[in-house]
Structures are given as C-alpha cells and as structure tokens.
Amino acid sequence: MAEEDDDLILSDLPDDELVPQMHDDLYDGLKEEVVEGVEILLSRGWTPYRVLTEALVAGMTVVGNDFRDGILFVPEVLLAANAMKSGMGLLKPLLVETGAPRMGKMVIGTVKGDIHDIGKNLVAMMMEGAGFEVVDLGINTAVEAYLAALETEQPDILGMSALLTTTMPYMKIVIDTLTEKGLRDDYIVLVGGAPLNEEFGRAIGADAYCRDAAVAVETAKDFVARKHNQVAAG
Amino acid sequence: MTDALSRMLATRDWLMADGATGTNLFNMGLSSGEAPELWNVDQPDKIRALYRGAIDAGSDIFLTNSFGGNASRLKLHDAQGRVRELNRVAAELGRELADAAGRDLVVAGSIGPTGEIMEPMGVLSYAAAVEIFHEQAEGLKEGGADVLWVETISAPDEFKAAAEAASLAGMPWVGTMSFDTAGRTMMGVTATSLVELVEKLPHKPLAFGANCGVGASDLLRTVLGFAAAGTERPIIAKGNAGIPKYVDGHIHYDGTPELMADYAVLARDCGATIIGGCCGTTPEHLVAMRAALETRPRGARPSLDEIAERLGGFSSASDGTGEGDTPPDRPRRRRRG
C-alpha cells in the first residue's frame with residue numbers, strides 16, 4: 001500500500017496541491033510530469049498566462065534562487081530549464097492566441113572574437129525559463145549583427161557575453177555604437193561572463209553586470225518592471 | 001616510467017609549468033575571434049616565440065598552442081578538418097625547441113574543453129566526446145608531445161572522456177579543472193570530488209589539479225582541498241595572474257610578478273608539485289615565480305587567512321565542500337513513484 005501512496009496521480013490533485021507539485025517536478029527536471037501538469041491546468045480552464053506565471057515561472061524562481069545560493073549547480077538548472085521549455089512549448093502558441101502580456105524580450109549573443117557559449121546559453125535558457133522571449137544570436141557576434149537584431153526584434157533587453165579578457169572590451173564598442181546612433185537608452189543592456197565584474201560593467205556603460213544566469217533573470221525582471229513604470233509615468 | 005614528465009617528477013620535488021597562452025598571443029598581435037591554433041601553421045615563428053618565452057623564463061613544462069584544437073571548437077572557424085594537422089604542428093614546434101634547449105623540458109599537448117554541454121543536459125554524447133579528444137590526442141602524439149595536458153574542464157564526464165581518449169592514444173596525461181563557481185566548477189565539481197573522480201579512472205593521470213578559475217587565492221584554496229582529501233598524486237596549480245581589470249580601454253590582470261612569486265611559493269606550501277600560471281601570466285611573471293621557487297624556503301601549509309592576506313581575498317565565502325553547505329531543508333512533497 002505504501003508504494004501506491006507514493007505514486008501520485010497528478011490529475012487527482014486539486015489545484016492548490018498540483019501547482020506546488022509542479023514546482024517540485026520542475027525543480028527535479030521531470031519533463032513529462034511538467035507537461036502533464038500544464039495540460040491538466042489548461043483543461044481545468046486556467047488561462048495560459050496563469051499557468052505560465054503561477055506554475056512554471058514561480059517554479060523556476062525557486063530553481064533560480066537555489067542556483068544563486070549555491071544549492072543547485074548548472075546540471076540541475078539545465079534539466080529544470082529543459083522541463084520548463086517543454087511546458088512552454090505547449091503554452092507558447094496559446095499565449096500568443098490569447099494576447100497574454102509579455103514578460104519581455106531579449107536579444108543575446110557572445111561578442112565578436114569570442115567563441116564561448118555555455119554561459120550565454122545558460123542565461124538564454126534561464127531567461128526563457130522565466131518567461132522571457134529570447135533571440136539568440138550565437139557566438140562571435142559583430143556590432144552590425146547586434147544592431148540588425150535590435151532593429152528587427154525590438155527587444156527590451158540586449159544581453160552580451162564574453163569569456164575572454166581580450167573580448168570583453170568589444171562590449172564597449174557595441175555600447176558606444178548604440179550611443180552614437182542615439183539608441184542606447186532604448187534598451188536595457190546587461191553584460192556577463194566569467195572575467196567580468198561590476199566595475200567593468202559600469203566602466204563600459206552597461207546597465208548592469210550579471211554574475212550568473214540567476215542574477216541575469218532577476219536583474220532583467222527588475223529593469224523591465226522599472227521600464228514599464230517609466231512608460232506608465234511618462 | 002618512460003615518459004619525460006614521470007622522469008622529471010621522480011627526480012624533482014617541484015616543477016614549474018608555463019603561463020598564459022591566449023594572453024601572450026594577443027600581446028603578439030592575435031586578434032580576437034581568430035582561432036589561435038591556425039597560427040601554428042600560418043605564423044609558426046610567433047608560436048615559437050610563445051614557447052620560447054616560457055622556456056627562457058625557466059619553465060620545466062610548456063603547453064602547446066592547441067587548447068581549442070578539437071573538432072568541436074575548430075568547427076566555429078570552419079577548420080574542423082584540420083584537427084590532426086594543427087595539433088601535430090603545435091607539438092612539432094614545441095618538440096623542436098625542447099630538443100634544442102639543452103636541458104630537460106616537457107612538451108605538454110594542451111587539450112581544452114569541447115565547449116559543448118554533455119548529455120543528458122546537453123547534446124554531446126560521451127562517445128562523441130571521446131572521439132573528439134582522441135582525434136586531437138593522436139595529432140599531438142604524432143607531433144612529439146610528451147604528455148597530454150587536459151585543462152579547464154568543468155564536467156566530470158568530459159574529464160572521463162579525455163582520459164579515455166588518452167588511453168586510446170596510448171599517451172600519459174594530466175588533467176585539470178577550472179573551479180570558478182564559488183569554489184566548484186561550473187558543473188558543480190568540488191576539489192574533493194575531483195580527487196575521487198581521478199582515482200576511479202582506469203587510465204589515471206600522472207598529475208591532476210586546477211587551472212584558471214578566479215584569481216590566485218581561490219585556486220590555492222582548491223589546492224588545499226585536494227591535499228585535504230589525502231591524495232598521493234602530484235597536484236597541479238595553474239592560477240590566473242590576479243583578476244582582470246579594465247583600465248583605459250584595455251584589460252589587464254592585476255597580479256604583479258611579485259604577487260605571482262608569492263603565489264608560486266604558497267602553492268608549493270599548499271601541496272602542489274607542478275606550479276604555473278594561467279590567464280594573464282607573462283614570461284615576466286614566470287621569471288619571478290622561478291626565482292622565488294628556487295630561493296625561498298618551503299614553509300608550513302598556509303591557512304586560508306594567510307593566503308587571503310598575501311594574495312587577496314576569496315571570491316566566495318566557502319569552497320563548496322564544507323559541512324555548512326548542506327542545503328536548507330526544502331519542504332518536499334511526496335515524489336511520484
């Protein structure tokens with residue numbers, strides 16, 4: 001009997017137990033269970049946006065916090081992000097259909113001259129995990145490519161990554177070019193990468209340096225909220 | 001014990017490795033974005049100058065310019081078909097100089113990470129990783145490398161795959177990981193777990209350790225972690241010359257030659273046998289490190305406070321292995337069967 005007790009049937013759980021269970025399943029990177037949970041909530045009449053925010057994003061926030069606090073490491077976070085992405089796959093078309101509010105959009109890329117991408121990929125995955133739309137430009141991204149993507153994608157955030165001390169200065173080239181063109185203030189510019197620090201972020205004129213993917217997500221949420229407030233006030 | 005590194009380890013109680021490759025090549029005019037490995041063929045004199053910098057500064061071991069010379073990385077430069085050639089030439093250039101040096105030198109064939117995330121989190125399979133490393137290992141072997149030098153790894157499976165590749169190539173090897181995330185590697189490996197991993201491998205490395213990461217202090221804390229795990233295997237310490245700082249449009253590492261000299265002696269006191277630098281470490285630093293290792297006496301194993309006092313503070317409060325790190329209880333619901 002005890003074994004049967006352990007075998008939870010998700011569809012038998014009331015909403016207020018299913019949602020925390022989904023948070024746990026996300027935390028444990030259980031892809032199929034997360035997808036099943038999303039399906040159940042939708043079938044119970046939840047709006048896609050509510051499923052996204054209360055079940056998925058809230059669950060990923062716990063993952064992000066534990067990553068930030070050094071309790072989880074990259075492998076666990078990647079598994080959780082993969083599970084989140086599966087759930088998102090189901091929600092994405094529905095969110096568009098229902099005209100749900102957007103969390104925000106980010107264009108991200110590793111700067112020109114730099115071919116490292118694990119950290120950048122991780123940020124992209126965590127940002128998607130937090131419900132952001134992410135356009136990944138890949139590695140070795142020249143200033144022209146950033147500019148083109150900013151124009152076509154109209155994101156809220158520009159994210160740049162570098163893992164080499166020799167490529168970090170390229171971030172300043174991109175920011176200076178934005179400033180020259182009078183575009184700098186149109187975007188929130190976040191930078192990250194192992195050899196960077198806050199001082200560097202300030203020196204090159206970024207809005208913030210993000211120590212890791214979890215910090216990137218928190219910072220992005222914070223800045224996007226401020227930006228929206230500004231728009232509302234203006 | 002037929003390989004050059006084993007012979008040297010048997011007769012000496014410390015060895016000095018080299019410093020940075022990237023930093024020094026960029027100082028010679030490599031522009032970012034270029035694959036440094038292409039210079040083995042296109043600018044061999046500059047690669048010779050790189051090696052000579054380390055040799056003339058007193059290194060016993062120097063690494064070949066082949067860090068990113070695996071198919072996975074070279075693909076980004078559309079040079080994935082040149083793995084064998086670029087690695088062979090990297091080693092040949094080193095072999096030439098080592099044989100002419102008039103003293104014992106170890107040509108270490110550098111092997112960096114694939115840059116891919118391995119299954120199940122990512123898409124790179126273990127078998128594919130072994131194949132990627134094996135191809136590179138054969139090139140380095142062909143060019144006359146004495147030992148394979150696997151470095152900056154963060155995932156246990158990637159470390160294992162490199163070990164298996166070394167075995168397939170019939171080469172002795174050493175392996176170091178980069179502990180850059182609050183005392184652990186990006187993939188969560190602690191100093192203690194690397195010691196355990198190394199001893200479980202069928203083809204064990206001649207030495208193992210840490211490279212790169214976050215500054216000299218953190219690296220020594222990791223070395224103390226290896227030593228505390230009770231390993232008998234020689235430990236490698238290859239730390240960065242301080243922390244990168246942005247000054248007037250340029251990046252420069254804040255570690256002075258004096259600081260790196262202190263670091264070298266402290267690394268030996270911490271239990272390291274093979275001591276070198278990583279990013280930011282120029283021949284000037286190496287000269288100071290060599291002089292310090294030769295002239296300063298060994299001391300007692302330093303405490304974390306002494307390391308912090310002499311080399312600067314740590315990037316995180318703990319090294320990720322302490323008992324205080326057990327995760328706080330998260331109320332868990334029943335797991336599904």
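This is a predicted model: local features need pLDDT of at least 70, side-chain atom pairs count only at pLDDT 80 or more; totals for chains, interfaces and linings use all residues.

Q: What makes Cys279(B) partly exposed?

A: The relative accessible area of Cys279(B) is 25%. Buried means under 20% and exposed over 50%, so Cys279(B) falls in between, as partly exposed.

Q: Why is Cys210(A) called buried?

A: Cys210(A) has a relative accessible area of 6%. The cut-off for buried is under 20%, and Cys210(A) is therefore buried.

Q: Why are helix 10 of chain B and helix 11 of chain B called roughly parallel?

A: Helix 10 (residues 215-228) of chain B packs against helix 11 of chain B at an angle of about 15 degrees, with the axes 9 Å apart. Angles under 35 degrees count as roughly parallel, so the label applies to this pair. The residues of their contact comprise 10 nonpolar, no polar and no charged.

Q: What makes helix 11 of chain B and helix 13 of chain B roughly antiparallel?

A: The axes of helix 11 (residues 257-270) of chain B and helix 13 (residues 304-311) of chain B cross at roughly 165 degrees and come within 10 Å. Because angles over 145 degrees count as roughly antiparallel, these two helices receive that label. Their contact has six nonpolar, no polar and two charged residues.

How values were computed:
Residues are numbered from 1 along each chain as its sequence is written. Chains are lettered from A and ligands numbered from 1 in the order in which they are written. Side-chain values use heavy atoms; hydrogens and water are left out. Axes are lines fitted to C-alpha atoms, for helices over the stretch in contact, and angles run from 0 to 180 degrees between N-to-C directions. Helices (H or I, at least four residues) and strands (E, at least two) are DSSP runs, numbered from the N terminus. Angles under 35 degrees count as roughly parallel, over 145 as roughly antiparallel, 65 to 115 as roughly perpendicular and the rest as oblique. Ala, Val, Leu, Ile, Met, Phe, Trp, Tyr, Cys and Pro count as nonpolar, Asp, Glu, Lys and Arg as charged, and the others, Gly among them, as polar. Buried means under 20% relative accessible area, exposed over 50%, partly exposed in between (1.4 Å probe, protein chains only).
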